[in-house]
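Please examine the model displayed below before reading on.

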Amino acid sequence: MIYIGSETIIGPNGNLKDCFNKIAEKKSGVSKITANGFNGESFYCSMFLENRPDFNTLATQVIEQLLQKSKAKLLTEESTLLIISTTKGDLSNGFENAIVSPAKFLYDKFKLKHFPFIISNACASGVMAINAAAAFIENNQYQNVIVLGVDMISDFIVYGFQSLYAISDEPCKPFDSERKGINLGEGAGAVLLSSSKDVFTSTPVCFLGGSSSNDANHISGPSRTGEGLFRCINKTLNASAIKPLDIDFISAHGTATVFNDEMEAIAFNRLDMQHIPINSFKGFTGHTLGAAGVIETALCIACMHENTLLPSAGYHNQGTTVELNLIKEVVSTSLTTVLKTASGFGGCNASLLLQKIR
Amino acid sequence: MDNLKEELKKHLITQLNLENNTPADIKDEAPLFGDSGLGLDSIDALELIVLLDKHYHIKLTNPEEGKSVFYSINTMAEYIEKNKK
Amino acid sequence: MKITGCCRIYQNEVLLNGKKYFTGDNKQPGELSMQLYRFLKKEYPKFYKMDLLTKMGWLATEMVCQTTPEISKFADDEIALIFANSHSCSESDERFNHSYKVEKSPSPAQFVYTLPNILLGELAIRNKWYGENLFTILPQFSAEHFSSQAGIFVPQKAKAILCGWVNIFPVIDVFVFFAEANSETSQGSLDSKLIEHWYNIIK
């Protein structure tokens with residue numbers, strides 16, 4: 001059995017508990033940032049407004065917070081690996097070194113026994129990183145794997161998404177009929193996976209399985225049939241011996257672009273999952289790119305422990321051609337099995353299943 | 001108008017990396033998008049918006065408008081004639 | 001597992017299964033991708049839109065597919081794409097950066113290539129491969145990395161793997177190979193020494 005826990009977030013809205021509470025209270029997680037667009041537009045983002053940390057500081061802090069929730073000295077054991085999930089890394093170091101340099105920084109700072117394993121696979125990176133962690137443990141290559149997801153907002157990112165007309169000029173509304181695009185977000189998330197329950201200071205959940213699939217369709221537009229996501233979730237279900245009926249909650253990718261959310265709705269319907277309570281955390285956290293899969297999985301675990309379904313921020317009316325069961329209000333209900341999905345440029349899709357320890 | 005169309009074809013080839021094509025390959029009335037013709041896609045459509053701004057100072061703020069404007073060289077040229085500054 | 005086909009490109013030398021296949025014109029080193037495309041007589045208009053990282057990975061994969069007919073016997077989701085490099089997509093990053101800082105015109109076509117895994121997307125589109133993907137950043141080439149991932153993906157998540165090291169900076173340093181389970185040896189194990197052997201043949 002592979003356990004996952006010690007879930008940690010450091011973001012513009014605070015730590016994991018802060019985020020959980022704010023989402024439950026339906027508070028907004030994004031704010032209008034003056035003149036951050038290429039032509040001086042003011043886009044809503046979830047950004048650190050005061051004391052903005054640099055990449056390495058943020059990565060360090062989230063690891064240290066995670067370590068407080070796990071066995072002492074875990075990080076420097078021979079049987080421990082650090083996996084980093086990021087799309088752009090630390091751009092202050094120049095483009096060639098942007099991704100390796102923070103890994104080197106953390107390797108030196110924490111005196112790790114192994115150089116960090118770095119995944120850069122667009123916005124599916126976070127979920128893929130957790131899947132990779134589980135795979136390492138299942139194959140007895142490591143006993144413990146810390147997965148860290150970090151991405152920071154920059155002009156590069158804002159102007160890039162803007163050039164694709166992907167950014168909404170309002171707080172984003174995943175799956176909603178009025179959705180117009182994404183809000184960008186930044187922050188760090190971390191989780192610990194292990195073959196042993198004892199490394200966690202509080203009860204973890206189980207990682208049942210995960211997979212990735214490519215749409216084989218277009219490098220930036222999602223498949224109109226949701227083929228990649230459909231196949232990916234199917235593989236994850238089969239690998240975990242779980243049926244759609246067993247799933248209590250889905251944390252979707254839900255970026256709030258017209259095409260992404262439509263694609264996901266189609267994929268979920270093809271799997272007969274349209275009745276399962278579903279949300280996107282991005283209405284609150286913004287789209288945190290390489291950190292998203294880790295931050296949102298951390299939130300899923302928190303929901304499982306609290307037996308609480310959190311509402312999908314910004315959602316009012318069905319905005320996809322096929323229906324989904326979007327969560328509009330906080331609901332207290334037993335959550336045993338949870339599906340997390342992610343998709344990204346390059347046609348990549350990833351998913352994983354979590355389950356409470358029986 | 002003919003000069004504009006020739007110029008447009010050259011800009012198109014540069015902006016969209018159509019290294020395999022010459023202006024002579026691009027017929028004025030042929031559809032630019034879809035399986036026939038140049039087989040342009042949604043990213044190319046966005047690049048055409050950049051092209052309009054860069055070379056003709058026309059800002060197309062709604063990508064949806066692009067479908068009719070960018071249908072062919074003819075429609076592009078007509079639009080530019082009407083809207084250029 | 002056994003390696004059934006590989007392509008090695010180092011600076012301007014292209015080798016297929018360890019044998020010299022093509023040498024680029026030294027006088028124009030930046031043109032290798034176009035020279036190779038023409039030499040291979042490919043007809044794929046999308047090629048011209050790709051960035052250099054994607055072009056090199058795509059060309060190497062085309063050559064591996066050409067030389068390895070076994071690839072076509074696998075179902076469309078049985079091949080895992082396991083790629084890595086050390087500089088991500090820095091060449092595209094620079095170009096997109098230039099498009100908005102200098103040309104004052106952020107280019108969407110350049111922005112979409114500012115992720116290293118776009119290469120995997122292009123391979124998937126070209127070959128209709130719906131299987132597992134993974135793009136990793138490593139400080140330098142590591143045969144051990146590919147050997148370890150081979151063991152992880154096969155047979156649990158894939159029946160075969162297409163692995164690629166695609167560096168274009170500071171020199172073109174590309175190695176793409178196809179490996180599948182070998183009935184004679186342990187299903188999911190691929191000796192890193194074997195990978196190292198083929199990687200080291202550069203002329």
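Two strands are said to pair if DSSP finds at least two bridges between them. Helices (H or I, at least four residues) and strands (E, at least two) are themselves DSSP runs, numbered from the N terminus. The model is predicted: local features need pLDDT of at least 70, side-chain atom pairs count only at pLDDT 80 or more, and totals for chains, interfaces and linings use all residues. Residues are numbered from 1 along each chain as its sequence is written, while chains are lettered from A and ligands numbered from 1 in the order in which they are written.

Consider chain C to begin with. Its secondary structure comprises seven helices and seven strands, arranged along the sequence as β-β-β-α-α-β-α-α-α-β-α-β-β-α. The radius of gyration of chain C (taken over C-alpha atoms) is 17 Å, close to the 17 Å of the globule rule (2.2 Å times the number of residues to the power 0.38) for 203 residues, so chain C is as compact as a globular protein of that length. Along the principal axes, the C-alpha atoms of chain C fill a box of roughly 60 × 35 × 35 Å.

Chain C touches chain A through 41 residues of chain C and 39 residues of chain A, where contact requires that the C-beta atoms of two residues, placed from the backbone, lie within 7 Å. On the side of chain C, the elements giving two or more residues are α3 (90-101), α4 (108-111), α5 (118-127), β5 (133-137) and α6 (143-153). This side of chain C holds 20 nonpolar, 14 polar and seven charged residues. Here Ala, Val, Leu, Ile, Met, Phe, Trp, Tyr, Cys and Pro count as nonpolar, Asp, Glu, Lys and Arg as charged, and the others, Gly among them, as polar.

Which strand of chain A pairs with β5(C)? It is β6 (residues 117-119) of chain A, which pairs with β5(C) in the antiparallel sense over two bridges. A:I118 stands opposite C:I137 in β5(C).

Within chain A, helices α6 (residues 227-240) and α7 (residues 258-270) pack at an angle of about 40°, with their axes 8 Å apart. Axes are lines fitted to C-alpha atoms, for helices over the stretch in contact, and angles run from 0 to 180 degrees between N-to-C directions. The angle therefore makes α6(A) oblique to α7(A), since angles under 35 degrees count as roughly parallel, over 145 as roughly antiparallel, 65 to 115 as roughly perpendicular and the rest as oblique. In this contact, A:L229, A:F230 and A:I233 of α6(A) meet A:M263, A:E264, A:A267 and A:R270 of α7(A). By class, these residues are five nonpolar, no polar and two charged.
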